[in-house]
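The following exercises concern one protein chain. Please inspect the sequence and the model before reading the solutions.

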Amino acid sequence: MPTIATRQALDRHALVMTAWLTAGLIAAALFHYGLGGGGAPFLLAAFAMILAAFAAHVVVNRLYATTFSARELALGLVVFAAALVGFGLAMLVRPSFAATAFLPVSAGFIALLASVLFYMAATTGLRGAFDAFDVIRTFRAAPGTSSQEPE
């Protein structure tokens with residue numbers, strides 16, 4: 001039988017996955033329709049669904065008294081970077097994209113970035129937000145130890 005900590009971790013994971021999969025499916029449909037012929041309102045609604053999933057993830061973290069794990073932070077950063085690269089490629093490949101979707105998609109990316117930065121600064125402070133991404137610090141030698149090998 002799993003321990004309470006293991007069960008709570010599994011429950012948290014199930015709630016987070018449910019929130020992201022539900023909102024992600026709706027956002028994907030809204031993006032598809034917005035880029036096809038629906039226009040800016042549907043693109044903005046798609047970003048609103050992503051923000052709603054992020055808010056649901058924050059609520060689940062509060063319920064279970066946890067924060068975002070390092071893997072969740074890394075996944076979010078990689079997905080955001082891949083979406084930005086896709087946005088840049090769409091600007092280069094599809095000439096009509098700039099005229100129809102540049103402003104709402106740019107506004108959506110800015111809103112996502114601002115909300116994540118605000119959350120991180122509000123919960124952990126600016127130093128804690130920096131430390132969440134500071135992986136170089138983990139490779140430093142512990143205080144009092146020498147970084148040189150004995151000969």
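Predicted model: local features only at pLDDT ≥ 70, side-chain atom pairs only at ≥ 80, totals over all residues.

Residues are numbered from 1 along each chain as its sequence is written, and side-chain values use heavy atoms, with hydrogens and water left out.

**Exercise 1.** Describe the secondary structure and the exposure of the chain.

Solution. Helices (H or I, at least four residues) and strands (E, at least two) are DSSP runs, numbered from the N terminus. On this basis the chain has four helices and zero strands, in the order α-α-α-α from the N terminus on. Next, buried means under 20% relative accessible area, exposed over 50%, and partly exposed in between (1.4 Å probe, protein chains only). Of the 151 residues, 21% count as buried.

**Exercise 2.** Classify the ring pair of tyrosine 33 and phenylalanine 42.

Solution. Rings of Phe, Tyr and Trp (its six-membered ring) pair if their centres lie within 6.5 Å; planes under 30 degrees apart count as stacked, over 60 as edge-to-face and the rest as tilted. The structure holds 10 aromatic pairs. In the pair of tyrosine 33 and phenylalanine 42, the centres are 4.7 Å apart and the planes stand at 85°, so the arrangement is edge-to-face. Tyrosine 33 is partly exposed, at 47% relative accessibility, and phenylalanine 42 is partly exposed at 32%.

**Exercise 3.** Which geometry do the rings of phenylalanine 87 and phenylalanine 97 adopt, and where in the chain do these residues lie?

Solution. The ring centres are 5.7 Å apart and the planes are at 70°, so this pair is edge-to-face. It links distant parts of the chain: phenylalanine 87 belongs to helix α3 (residues 70-93) and phenylalanine 97 to helix α4 (residues 95-133), 10 residues apart. Both phenylalanine 87 and phenylalanine 97 are buried. They belong to one aromatic cluster, formed by Phe31, Phe47, Phe80, Phe87, Phe97, Phe102 and Phe109.

**Exercise 4.** Are arginine 12 and alanine 101 buried or exposed, and which residues do they touch?

Solution. Arginine 12 lies in helix α1 (residues 4-38) and is buried, with a relative accessible area of 12%. Contact means heavy atoms within 4.5 Å. Not counting residues up to four places away in sequence, arginine 12 touches His57, Val60, Asn61, Tyr64, Thr66, Thr67 and Glu72. Alanine 101, in helix α4, is buried at 2% relative accessibility. With neighbours within four places left aside, alanine 101 is in contact with Leu35 and Leu43.

**Exercise 5.** Characterise the largest pocket and its lining.

Solution. On a 1 Å grid over the protein atoms alone, a pocket is an open set of points where a 1.4 Å probe fits, with protein on both sides within 12 Å along at least five of seven lines; lining residues have an atom within 4 Å of a point. The volume, the space filled by probe spheres set on the points, is about 1,300 Å³ for the largest pocket. Of its 44 lining residues, the closest to the centre are Trp20, Leu75, Gly76, Leu77 and Val79. The elements that give two or more residues to the lining are α1, α2 (40-63), α3 and α4; α4 gives the most, with 15 residues. The lining divides into 32 nonpolar, eight polar and four charged residues, where Ala, Val, Leu, Ile, Met, Phe, Trp, Tyr, Cys and Pro count as nonpolar, Asp, Glu, Lys and Arg as charged, and the others, Gly among them, as polar.

Methods:
Areas by Shrake-Rupley, 256 points an atom, 1.4 Å probe, with all protein chains shown as cover.
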